[in-house]
Amino acid sequence: MRIAVLDDYQGVAAEYADWDSLPAQVEFFHEHIADPDELVRRLAPFEVVAAMRERTAFPREVLAALPRLRLLVTTGMRNAAIDMVAARELGVVVSGTGGGGSDRAWAPTAELTWGLIFALLRGIPEHDRRIREGGWQQGVGLEVAGRTLGVLGLGRLGTQVATVGRAFGMDVIAWSHHLTDEAAAAVGARRVEKEELFATSDVLTVHTVLSERTRGLVGAAELALMKPTAYLVNTSRGPVVDEAALQAALRAGRLAGAGVDVFSREPLPPDDPWRTTPRTVLTPHVGYVTDGVYRAFYTDTVESVAAWLRGAPVRVLNAG
């Protein structure tokens with residue numbers, strides 16, 4: 001049996017689980033395969049594929065072109081890039097892993113959110129660069145205490161970010177489609193309407209699941225409501241924010257800055273406009289990329305394969 005482990009960007013997947021315990025030949029792919037035809041060609045010999053979250057898409061046409069594929073393991077317990085119905089109809093078991101929905105996975109993304117906030121408000125990347133170039137202090141940073149933190153999406157991740165904001169002395173406001181006054185108050189936030197969230201936030205952070213309803217939720221109209229001194233941080237999903245509108249606002253100086261960890265196209269192409277957009281701190285979708293999360297993801301991947309081989313698959317995501 002052959003197992004393909006996809007999108008091992010850092011080349012570390014082999015270190016995080018006991019792959020040798022499986023009666024299989026395991027191959028690790030360190031480069032992203034974006035072209036569907038090339039993906040099918042490369043995966044044709046494999047019975048099992050291990051996919052990292054939503055890095056590689058498996059629509060019906062790709063699954064149908066892989067007749068040897070019998071098990072597809074995705075890290076986490078949700079992957080919108082896999083056609084679950086098609087997989088079931090084609091006899092492919094889709095199994096998930098732990099780590100993706102636990103505090104272990106949510107906390108690192110909340111931590112990165114605050115890393116981006118501080119990098120923006122205190123100018124950390126610029127200060128680092130100036131020191132290395134032989135310079136010293138330039139510019140004046142901003143403190144977060146006393147400012148307004150706006151949280152778009154007050155779920156588990158948004159709640160963690162809000163809790164830290166309160167600890168730093170921020171006024172925390174929040175909005176999402178079904179958020180109630182009581183739910184917001186329970187975590188020390190104040191529910192506001194969507195327009196007020198954008199108009200009054202000094203820092204607006206996005207923490208909502210990508211769906212047809214949330215795609216483009218932060219568009220040109222919403223960005224126009226924001227103060228020119230405000231900052232936007234997105235560690236959720238790239239398409240939640242209209243990227244072209246955000247880039248235009250940053251280039252025109254209508255926003256003070258943006259911290260972005262997620263993008264519509266990943267990895268970013270070499271000529272992507274984000275690479276030249278000013279007033280930004282950019283990270284390559286690393287909110288969940290930590291030692292603890294990777295250990296949980298890959299250990300459970302091996303467990304999922306072993307369970308499937310025994311005829312008792314676990315954490316099945318496409319059961320009929």
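In this predicted model, the charged end of Arg2 sits over the ring of Phe46, 4.5 Å from its centre. A charge is taken to sit over a ring if NZ of Lys or CZ of Arg is within 6 Å of the ring centre and within 35 degrees of the ring normal. Arg53 likewise lies over the face of Tyr288, at 4.3 Å from the ring centre. Residues are numbered from 1 along each chain as its sequence is written. Local features need pLDDT of at least 70, side-chain atom pairs count only at pLDDT 80 or more, totals for chains, interfaces and linings use all residues, and side-chain values use heavy atoms, with hydrogens and water left out.

Turning to ring-ring contacts, rings of Phe, Tyr and Trp (its six-membered ring) pair if their centres lie within 6.5 Å, and planes under 30 degrees apart count as stacked, over 60 as edge-to-face and the rest as tilted. The count comes to 10 aromatic pairs. One of them, Trp114 with Phe168, is tilted, at 5.6 Å centre to centre and 45 degrees between the planes. This pair links distant parts of the chain, 54 residues apart: Trp114 belongs to helix H4 (residues 103-121), and Phe168 to the loop between helix H6 (156-167) and strand E7 (171-175). Helices (H or I, at least four residues) and strands (E, at least two) are DSSP runs, numbered from the N terminus.

Tyr294 and Tyr298 make an edge-to-face pair, 5.6 Å centre to centre with 90 degrees between the planes. Both lie in helix H11 (residues 291-309), 4 residues apart, about one turn of the helix. Together with Tyr16, Trp19 and Phe28, Tyr294 and Tyr298 form one aromatic cluster.
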